[in-house]
Amino acid sequence: MKWYLKILFIPILLVNLLVAVLLMCCAYSPVLPAEHMPLLSLAGLAFPFVLAANVVFLFVWLLLYKPFMLVSIVTLVICFSQIRAFVPINIARQKPPVKSFKLVSYNILSSNLKASTANRENPLINYLEECGADVICLQEFPFASLKSKGAEDLLAEYPYRSYQLSDLSELKSHFLCCLSKYPILSVEKVDLNSTGNGCARYQILHDADTIVIYNCHLQSNNLNAENKTTYEQLLSEPNKDKIKAEGTRELVKKLREAASKRAVQANAVLAEVRKESSPYVVVCGDFNDSPISYTREVFSEELSDAFVRSGNGPGFSYNRNKLFYRIDHIMHSKAFESYDCTVDRSIRTSDHYPISCYLEKAK
């Protein structure tokens with residue numbers, strides 16, 4: 001290489017090395033205990049942006065000086081499992097077997113389904129009737145909607161139902177709901193010590209086997225409109241001093257506190273999962289955490305991620321304020337095989353998209 005090219009390329013290479021280190025830090029941040037180090041655990045939120053920067057450097061060196069591509073290539077190989085968790089490719093696992101059953105998890109945003117709107121003109125009711133699921137786990141479900149007068153015949157193909165209150169009083173809380181074509185043998189509340197979220201454990205009878213499903217709505221970030229606007233502005237105007245001084249501090253504080261609480265809740269649910277005698281266990285719901293997070297890392301100690309094993313692409317399940325993350329998940333025990341895990345973008349009545357997959361008992 002000529003000397004003047006070295007002078008030009010060395011600063012670019014140094015920035016590339018810095019970005020490579022940042023990607024590895026973001027990728028492996030989930031191993032940090034978020035309960036004790038919540039701020040550092042938030043590094044996973046930056047993963048998609050730093051990943052994109054590494055890919056850009058890959059093409060920069062392809063054009064300028066191919067040997068330096070090795071920096072990005074080695075970094076991407078080191079972070080391969082996290083990249084696969086964030087954006088998996090599973091073309092061959094799309095066709096579900098005949099004996100599989102379909103599970104849907106959906107945070108419906110309770111304001112979209114009230115007693116006064118629980119009818120077949122409601123797009124949410126239509127979706128639930130037409131989605132073809134065998135078991136539906138809902139979060140932020142308003143209890144009165146399917147208990148109101150005239151609503152008894154709605155979703156009649158799901159004769160088995162459970163409505164579980166979260167930790168707040170009935171007048172202020174959201175419910176967890178399970179609609180099932182199979183008998184629900186028992187329902188238990190898993191104590192998350194939360195002021196607005198919850199987890200319910202269902203035992204469901206399926207072909208003489210007991211399937212245990214945990215329907216989770218883990219700690220929300222409680223971001224208000226100003227916080228979400230701050231996030232959007234940080235993406236579009238990252239150098240704006242006013243945003244950094246006034247908005248970022250509060251945004252990070254809320255994210256840090258929520259991450260710490262979710263860490264405790266995820267560990268509590270995992271402790272219950274480890275007690276299960278049935279080999280067929282599913283943990284699903286609104287985790288309020290991305291694929292590169294302590295929460296998902298905790299569950300992956302015992303469970304497989306259905307989207308990683310049978311989904312395709314990033315599968316963003318939150319659809320507001322440019323918060324492009326998959327925060328709704330389906331995790332299952334090794335006794336299941338998953339197929340065609342999908343984030344369904346056909347309905348947008350909620351700030352979440354539903355996530356679904358087909359599960360078959362492993363032979």
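Predicted model: local features only at pLDDT ≥ 70, side-chain atom pairs only at ≥ 80, totals over all residues.
Residues are numbered from 1 along each chain as its sequence is written, and side-chain values use heavy atoms, without hydrogens or water. Local features need pLDDT of at least 70 and side-chain atom pairs count only at pLDDT 80 or more, whereas totals for chains, interfaces and linings use all residues.

**View 1. Helix H3 crosses helix H4.** The axes (lines fitted to C-alpha atoms over the stretch in contact) of H3 (residues 47–64) and H4 (residues 69–78) come within 8 Å and cross at roughly 145°, on a scale from 0 to 180 degrees between N-to-C directions; helices are DSSP runs of H or I with at least four residues. In the contact (heavy atoms within 4.5 Å), H3 contributes residues including Phe57 and Trp61, and H4 residues including Met69 and Ile73.

**View 2. A nonpolar patch lies on the surface.** Tyr28, Val31, Leu70, Ile73, Val74, Val77 and Ile78 together have about 610 Å² of accessible area (Shrake-Rupley method, 1.4 Å probe). Patch residues have over 30% relative accessible area and no salt bridge, with nonpolar side chains joined within 5 Å. H4 gives the most, with five residues.

**View 3. Glutamate 276 forms a salt bridge with arginine 201.** Their closest N and O atoms are 2.7 Å apart, the term requiring a side-chain nitrogen of Lys or Arg within 4 Å of a carboxyl oxygen of Asp or Glu. The structure holds 10 salt bridges.

Definitions and conventions. Helix = DSSP H or I, 4+ residues; strand = E, 2+ residues; numbered from the N terminus. Left-handed = near helix turned anticlockwise from the far one by under 90°. Patch = residues over 30% accessible without salt bridge, like charges linked within 9 Å, V, L, I, M, F, W, Y side chains within 5 Å.
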